[in-house]
Amino acid sequence: MASFKIRISFPEEKIKEPIIYKIGHEFKVVTNIRRADVREKTGWVELELNGDPAEIEKAVESLKTKGVKVEPIERNIIE
Amino acid sequence: MSRKSAVSDILKQKIKGLKCRECGKLYPPVALHVCEFCFGPLEVDYNYDEIRRHISRERIENGPKSLWRYADLLPVEGPPTVGLYAGFTPLIEAKNLGAELGLKKLYIKNDTVNHPTLSFKDRVVAIAITRAMELGFTAVACASTGNLANSVAAHAAEARLRCYVFIPGDLEAGKILGSLIYAPTIVAVEGNYDDVNRLCSEVAGEYDWAFVNINIRPYYAEGSKTLAFETAEQLGWKAPDHVVVPVASGSLLTKIWKGFNELKMLGLIDRVDMRVSGAQAEGCAPVASAFKEGRDFIRPVKPKTIAKSIAIGNPADGYYALKAVHESKGAFETATDEETVEGIKLLARTEGIFAETAGGVTIAVLKKLAQKGIISKEETVVAYVTGNGLKTQEAVINAVDEVVRIDPSLDSF
Ligand SMILES: Cc1ncc(COP(=O)(O)O)c(C=O)c1O
Ligand SMILES: [Zn+2]
């Protein structure tokens, strides 16, 4: 079991889509929302993904194709 | 891998544990860097009452001529096991440069000669790897394009630890050599910068490695305080009036500010009447632009600058660096690529110090702050020059004069 923390930023047109629900169903990952700020036009959610590393990877890849921005909670790590 | 779970008594006396900078939640002093509750960064929580009981100027002055003389204020349990010679670099009174800039009491803290890999990263890595060994790790890792990788690879070799260095797939061969020579495993990740960042976060969560700037970051970052400690001691136990610090992740600046304040809190210096100013490259200035636009949040940027060692577009500690500059009533300035090259040449020509691009940015910013009168003539100023020019020769190769060629005869001369 691995755990990976991400921040998802939503553009206006994606705000209403149940993206987090979807990845929880499409992949074997447990999604756990930890912090969020969702407004009318923009929004972000900080999320913990728990599961098998390969499943987490697939979930992240899939999120990226859904038109939202996905970043690790860690900011830049390359120094 | 066997990992120590019990924390020794010595450490307990000096350190209470880790503490979330945002919500204050406490954690044991293990390899952990984000708060499980609010995702805020964790910081070492010292037992200052205990430290105050035995620390003194004399005790420090009688210590080793390295950053380990400040061990009482560093997050390690026992004696250092690696990086014994890091730190205690020269504080140079820069009379020539001062005269050119109209500053009467200018000093350069010269970390271009840090041991063993010629940048300030030897400080943070000496602490990180000593702590990683105390925690029982047998493998260390980092993601880096330059100075950090050099230092981690060198210290891992000395400590006989397995070492993994992650780099973006398109990095030039020359950049890799300074790490490869120490024979770590270098993993070039095909994909862009963001992909490497994400992969490293995942790897850090998955493998039982000491990732120096991820799960060991709370300890690692504390190493930068020694730049403040040394400066104060070298000035005769005084804080300067103004310091100029290059900013990438923002950790260095944040910790220099913390270091001076710690000395004051412990009564080792009388006061901290000091402004801290940050230097960034114009092509990667997320913190400087937040300062200039009066924002309290950092908007990430895509870096485009020759100062690659400080090109961090989404800095982990940018928010705290910004806060430190505000608290101290300092300022931010930026330097273009041309100004950076001029800065490198100016420092070399006046003081005989060859700095890398981050140093060029710092000197260029120092010059601007002096010209704008933000730094005044009479102030005691310290500029932190944090990396060696021999590592970034490509930046100046076309900006120096040609050699004078002659035949081997006096006539020709
Ligand atoms: C030479 C040099 N100076 C300054 C910095 C900035 O340090 P920080 O990332 O802590 O802001 C770095 C690296 O990040 C560096 O390599
Ligand atoms: Zn917290």
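The legends below describe close-up views of a predicted model.

**View 1. Residues around ligand 1.**
The shell around ligand 1 holds 16 residues, and those that come nearest are B:Ala248, B:Ser249, B:Gly250, B:Leu252 and B:Thr386. By residue class, this shell consists of seven nonpolar, seven polar and two charged residues.

**View 2. Polar contacts of ligand 1.**
A nitrogen atom of ligand 1 lies 2.6 Å from an N or O atom in the side chain of B:Thr386. On the side of the ligand's oxygen atoms, a polar side-chain atom of B:Lys121 is 3.2 Å from an oxygen atom of ligand 1. The backbone also takes part: a polar backbone atom of B:Ser251 is 3.5 Å from an oxygen atom of ligand 1. On its own, ligand 1 has 390 Å² of accessible area, and the protein covers 98% of that area.

**View 3. The cavity that holds ligand 1.**
Three cavities of 30 Å³ or more are present in the structure. The largest cavity has a volume of about 280 Å³, and ligand 1 sits in this cavity. Its lining comprises 27 residues; nearest the centre are B:Phe120, B:Lys121, B:Ala248, B:Ser309 and B:Ile310.

**View 4. Make-up of the cavity lining.**
The lining of the largest cavity divides into 12 nonpolar, 11 polar and four charged residues. Four helices of chain B each give two or more residues to the lining of the largest cavity: H5 (121-134), H6 (147-159), H9 (217-222) and H11 (251-265). Of these, H11(B) gives the most, with three residues.

**View 5. The loop between S5 and H5 of chain B.**
This view shows the loop between strand S5 (105-110) and H5, where B:Pro116 is placed. A cis peptide bond joins B:His115 to B:Pro116, with omega of about 0°. B:Leu118 also has its place in the loop between S5 and H5 of chain B. The phi angle of B:Leu118 is near 65°, a positive value in a residue other than glycine. Helix H5 (121-134), at the end of this loop, is one of the elements that give two or more residues to the lining of the largest cavity.

Methods. Residues numbered from 1 in each chain as written. Chains lettered and ligands numbered in written order. Predicted model: local features only at pLDDT ≥ 70, side-chain atom pairs only at ≥ 80, totals over all residues. Heavy atoms only, no water. Near = heavy atom within 4 Å. Polar contact = N/O pair within 3.5 Å; in protein donor to acceptor, adjacent residues only side chain to side chain. Areas by Shrake-Rupley, 256 points an atom, 1.4 Å probe, with all protein chains shown as cover. 1 Å grid on protein atoms, 1.4 Å probe; cavity = no way out; pocket = protein on both sides within 12 Å on 5 of 7 lines; lining within 4 Å. Sits in = over half its atoms within 2 Å of the grid points. Nonpolar A, V, L, I, M, F, W, Y, C, P; charged D, E, K, R; others polar. Points joined across faces, edges and corners; volume = space filled by probe spheres on them.
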